[in-house]
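Please look through the structure below before reading the notes.

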Amino acid sequence: MEDDAPVIYGLEFQARALTSQTAETDAIRFLVGTQSLKFDNQIHIIDFDDENNIINKNVLLHQAGEIWHIGASPADKAVLTTCYNKTSDSRVVSCAAVWRMPTDWDTGSHESPDDTAHNPQTLELLCHLDDSAHGNAACVLWEPMGDGKHVISLADNHALVWDLQESSTQAKVSSTATLEGKGQLKFISGKWSPHHNCSQLATANDTAIRGWDLRTMSQIYCIENAHGQLVRDLDFNPNRQYYLASCGDDCKVKFWDVRNVQEPVKTLEEHSHWVWSVRYNHSHDQLVLTASSDSRLILSNMVSISSEPFGHLVDDDELSDGDDNHQDDKSKEPLKDSVVSTYEEHEDSVYAAEWSSADPWLFASLSYDGRLVINRVPRALKYRILL
Amino acid sequence: MESNMDDEMVSGDGGPGRRRRVHGLLKMYYGLNEEGKDSQEPESLDPCDINGPHFDPEHYLNKLRRECSLAELMDQETLMVKQIRSLDSDMQTLVYENYNKFISATDTIRKMKNDFKKMEDEMDCLSANMAAITEFSASISGTLQDQHAQITKLSGVHTLLRKLQFLFELPARLNKCLELQAYAQAVSSHRRARCVLQQYSHLPSFKGIQDDCHAIMDKLAQELRQKFRDGGTSAKDLSQCVELLLQLDEPAEELCDKFLSHARSRLESDLQGLEAEIRPYPVSAVKDASAHRLSTTAGATSPTHNSPRTSALPSPSSNTDILEFIDRGCNEFVSSLCLVITSYQELFINHAQTGELASKNIPQMANGKLHAFVDDLAARYFSLVERRIQEEKGVGDNSLLVRALDRFHRRLQAVAKLLPGSAVPNKGTEIVVRAATERVKQYLSALQSFYMDSLTDVRQALATPRLSVAGASGTGGGALHGGLASGRDAPNSLPELLSSLSASILNQIKSVLASVHLFTAKDITFSNKPYFKGEFCSQGVRESLVVNFIKFVCQSSRQFCESAGDKGGSTPPALLLLLSRLCLDYETSTISYILTLTDEQFLVQHHSPVTPVTTLCAEAREAAQKLLNHYVKVQGLIISQMLRKSVETRDWVNTIEPRNVRAVMKRVVEDTTSIDVQVGLLYEEGVRKAHSSDSSKRTFSVYSSSRQQARYAASYTPSAPMDTNLLSNIHKLFSERIDIFSSVEFNKVSVMTGIIKISLKTFLECVRLRTFGRYGLQQIQVDCHYLQMYLWRFVSDENLVHFLLDEIVGSSAHRCLDPAPMEQSVIEVICERG
């Protein structure tokens, strides 16, 4: 029971950007970027000690500006990207950059865990992902499971593929795609598909979701009016290549099969305000995490559209020696989609939620007031999925 | 003793005692003593008893003299004399009577003697005559004996000769009959001769006759058969024909078949007549139709002959109504079918049962054939009727259909009576049942489309005067037809639209119920079938009509919520509001009213479980709730959209010092006010949380500079954590979490609260995504103050508005590069000026 209790960590600043350290597969580690217009912004490295239920934090300075988006390299633990706002001459500009964390942040924090704030180390800038012609950056996406050499940045109505060279110190635009249409189109968010050899990208702008082929940089599908209001976030099902989850300001979470975009496969309407983030669990894609500005985080069990709609098939045989009937009942039960749990630890809008890349049963969520909450999948559900 | 005597003497004049005593005395006198009487009367031994047999006068006298005085003696003597006198007279009377009788007896005897003598003479005479007669008779019979024998023989020969003559004449006679077509006579003649001819067929001459007869009869049979085949003859002729053929030992089975096939051809022509009346299929369906026809006529004797004829038939009167059609079917097909059945039964079944044919199991065979025949034809008839009924799509006049069905059903009862074991009437009932259920379905869809049409009308009505809502002098341009026409003159205000909508729906339901009720009217034959008594009422009318309609209303309402959600309000919000009120009214009263009405009209006895009122009410309530929630959402989104655009499109860093409340905010307040009016038309006010009488003043205090300053001051200080603490403190103040898109209650305040919550939360989220300059923040301050001034009155808990606006200002202060708030007094001035 004690293990299931949430762990809460408070940041001093307001924050929106959260990612798990993708390249780190041993330690449970999240990166949080703060938003402050008046102070130096920080990147908090949150280490969670699973056994002792303790959080260790390290703070790195991000002096360039307030962080709107953060992304960790899938190849190099120390490399990350941020999108940040920079104010100069009463102009606010959104930029993106690749950074390297100082190598000794870890050791430094262990020596003086209490007063890291006093002497925080600074991130090392590797390169800017800026191309002044392309406008304000909304987010930067790493190539999933790649070697950390390719990123995509979404800036206004452009999607730019960058090649990182010279150990990420130089960035070159290798190809671009532009969203054309009436009015001021602007990408809100996007996701690089891990399927099809990482050759696809999905983006959200206004109420539409678009798929792009990165080889030709052309649009391959478009879900117009995917949501009644703005689409806020997207995620690909890690195991089913055509399945895509989206969320938006109509309080809904929708699941799409991109081969047939007329109707969503499934719609969830659990939140009572805008849904800002949707995340598939990396290993068990029936688990879907959604964060909303109604200050709630909801974990849903979407069995019917997962890659394992009938549960773990192997186990029926393994367990058949025991009490058969009981097992049969259990194996039929999980077919229902359901909300597993609603987490109400936050008191302000939750803008980000992420699964840990090390422990598939653990996730973090971040609300605007700077509260980071680490939760686990309920044990009963965990065992049911595993067994 | 004396006194006894005296008494007897005194009363002796007329009493029965006296008469008996007189008789006794007389008896005694004649010595006719009754034995046993003596011993019973001991006193009679007394010698002094004057009436006794042992009376001794001496003794008595002595006794008297000894015992009585003179006077007494004297008295005794007179008494005695009196008695003696009366006895004497009695005696005389008796003697006289007896004498008379004796005289008359003597007379009679003498007379008899004379008569007997006369009779004896006559008897003698008679016996003499008899003897003479006997003698004569014997002599006559003796003479006639011979002649009599001869005569008998002659007469025998005569009859034989006549028979022979008959036989010899038979061929000629038969021929003649044949010529004259007097078949019946021919057959009866032949029948009479047949046995004889059979018996003596070994004689060549008879054989010749027999052969001739056979030849003739064969010809006759041929002719009969021909006649039978021709089929031009009337039913009566036909039956006669069959009867004769049967008598001619034709195989009954073949006859049955022939009879039936003949009947079939006639019935089929009836059926074709009927089919021609059915409206031809539309061009696209012609292929199917002809295929269908082929399949329906496949069971007929000559389908190849039929189908071209039918398909070539023009459709002369495609518009005969169903009653006419059924009438025609009944009069032509059903009545001839009945006729066929009767004559067939007469011929093959009843007739055969009495005759010698009964032994051959003919009745059973014939019966079986008849059943198959009737079933087959009836099936085709039914399929035609069903096709015709299916064409009855219009739901205008149900009575016509009901009457047609009634007639159809009634006429089939005749078949049922004629053919007790037949499945035909049941199938007929099934057709009626199907037609009824089909009709109910049609009514349901009619109701549904009526409902949808009404909604379209309402939508139009809402769309047109929408322009003049502000003017309030709505000209009622929304042309409402049908049941909503009443709204034409008056301005199309929401309550009027609602009441006219719900009234017209209710009227429609009532009229449909009335129409459907015809099915169960007392004078309709099928209304007493168990189906129409039970299942039709409960399952048919109540469940599939009424309940389904109510469900449809709820469901379509829900669809408004779902479909409109994505396309961004394709349904006008006012319609949502109206429907929500409609559903709520349904929940509170209309549903139970409708169901009670139905139950009363149809006396529903629920054998099967039916949807309870509560379920429907719950459904309606759910729909109402959903609609209202959706209304809140849509209206909230409309306002949100304005706010969002206003925040997103402005460069908040480089803006000028605020001089005015932005127009958007005025628009928001305006819209909110008009929504408030709109909702107020349909929903009650609702409860507010108690607040101080002077709310607007308090409003300022919330925005009092001290507090605001404190918050902004917190932002200046380097200790950022304090700020978050403050935020969370505020949260604690309003510990109840604010659900933005949450369910609302059915009242105006709750609805308005929902809309305002959504709008302000959007404002907040948008503000958080922007960066502000000093004047940007000040503009937000002004705007929020303006909103505060006007919005508090709409919501149930004004703290909510305070809180959200606080949050907005707080957030924009956070997002401000140069947070220098405006003076509260300046804000107030600007707002009041605006």
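A salt bridge is a side-chain nitrogen of Lys or Arg within 4 Å of a carboxyl oxygen of Asp or Glu. By that rule, the side chains of Arg110(B) and Asp107(B) meet in a salt bridge, with 3.6 Å from N to O. This is a predicted model, in which local features need pLDDT of at least 70 and side-chain atom pairs count only at pLDDT 80 or more, while totals for chains, interfaces and linings use all residues. Residues are numbered from 1 along each chain as its sequence is written, chains are lettered from A and ligands numbered from 1 in the order in which they are written, and side-chain values use heavy atoms, with hydrogens and water left out.

**Salt bridges**

- Side chains of opposite charge can pair when their charged atoms come close.
- Over all chains, a search of the whole structure finds 32 salt bridges.
- Asp249(A) and Arg644(B) form one of them, at 2.7 Å from N to O. Asp249(A) lies in the loop between β20 (243–248) and β21 (253–257) of chain A, and Arg644(B) lies in helix α19 (residues 613–648) of chain B, so the pair joins two chains. Helices (H or I, at least four residues) and strands (E, at least two) are DSSP runs, numbered from the N terminus.
- Both Asp249(A) and Arg644(B) are buried. Buried means under 20% relative accessible area, exposed means over 50%, and partly exposed is in between (1.4 Å probe, protein chains only).
- Arg110(B) and Asp107(B) are three residues apart in helix α5 (residues 70–180) of chain B, so about one helical turn separates them. Arg110(B) is exposed at 52% relative accessible area, and Asp107(B) is partly exposed at 41%.
- Arg581(B) forms a salt bridge with Glu684(B), and their closest N and O atoms are 3.4 Å apart. Arg581(B) belongs to helix α18 (residues 573–602) of chain B and Glu684(B) to the loop between α20 (663–682) and α21 (695–702) of chain B, so the pair ties together parts that are 103 residues apart in sequence.
- Arg581(B) is buried, with a relative accessible area of 13%, whereas Glu684(B) counts as partly exposed at 47%.
- In chain A, salt bridges that share partners join Glu24(A), Arg29(A), Asp47(A) and Lys77(A) into one network.

**Aromatic rings**

- Rings of Phe, Tyr and Trp (its six-membered ring) pair if their centres lie within 6.5 Å; planes under 30 degrees apart count as stacked, over 60 as edge-to-face and the rest as tilted.
- The whole structure has 18 aromatic pairs over all chains.
- Phe13(A) and Phe39(A) form a tilted pair, 5.6 Å centre to centre with 40° between the planes. Phe13(A) lies in the loop between β1 (7–10) and β2 (14–20) of chain A and Phe39(A) in the loop between β3 (28–35) and β4 (41–49) of chain A, so the pair links parts that are 26 residues apart in sequence.
- Phe13(A) counts as buried at 10% relative accessibility, and Phe39(A) as partly exposed at 26%.
- Tyr451(B) and Phe552(B) form an edge-to-face pair, 6.0 Å centre to centre with 75° between the planes. Tyr451(B) is in helix α15 (residues 424–463) of chain B and Phe552(B) in helix α17 (residues 530–567) of chain B, so the pair ties together parts that are 101 residues apart in sequence. Both Tyr451(B) and Phe552(B) are buried.
- Ring pairs link Trp274(A), Trp276(A), Tyr351(A) and Tyr368(A) into a cluster.
- The charged end of Arg232(A) sits over the ring of Trp276(A), 4.2 Å from its centre. A charge sits over a ring if NZ of Lys or CZ of Arg is within 6 Å of the ring centre and within 35 degrees of the ring normal.

**A sheet in chain A**

- Five strands form an open sheet in the order β2-β3-β4-β5-β9 (chain A), with mixed pairing. Two strands pair if DSSP finds at least two bridges between them.
- The edge strands are β2 and β9 (121–122) of chain A, and each pairs on one side only.
- Nine bridges join β4(A) to β5(A), which run antiparallel. Here Ile45(A) stands opposite Asn58(A) in β5(A).
- β4(A) and β5(A) form a hairpin with four residues between them, and Asn53(A) in the turn has a positive phi of about 60°.
- Strand β5 (residues 54–62) of chain A is joined to β9(A) by two bridges, and these strands run parallel. Leu61(A) stands opposite Thr122(A) in β9(A), and Leu60(A) has Gln121(A) as its bridge partner there.
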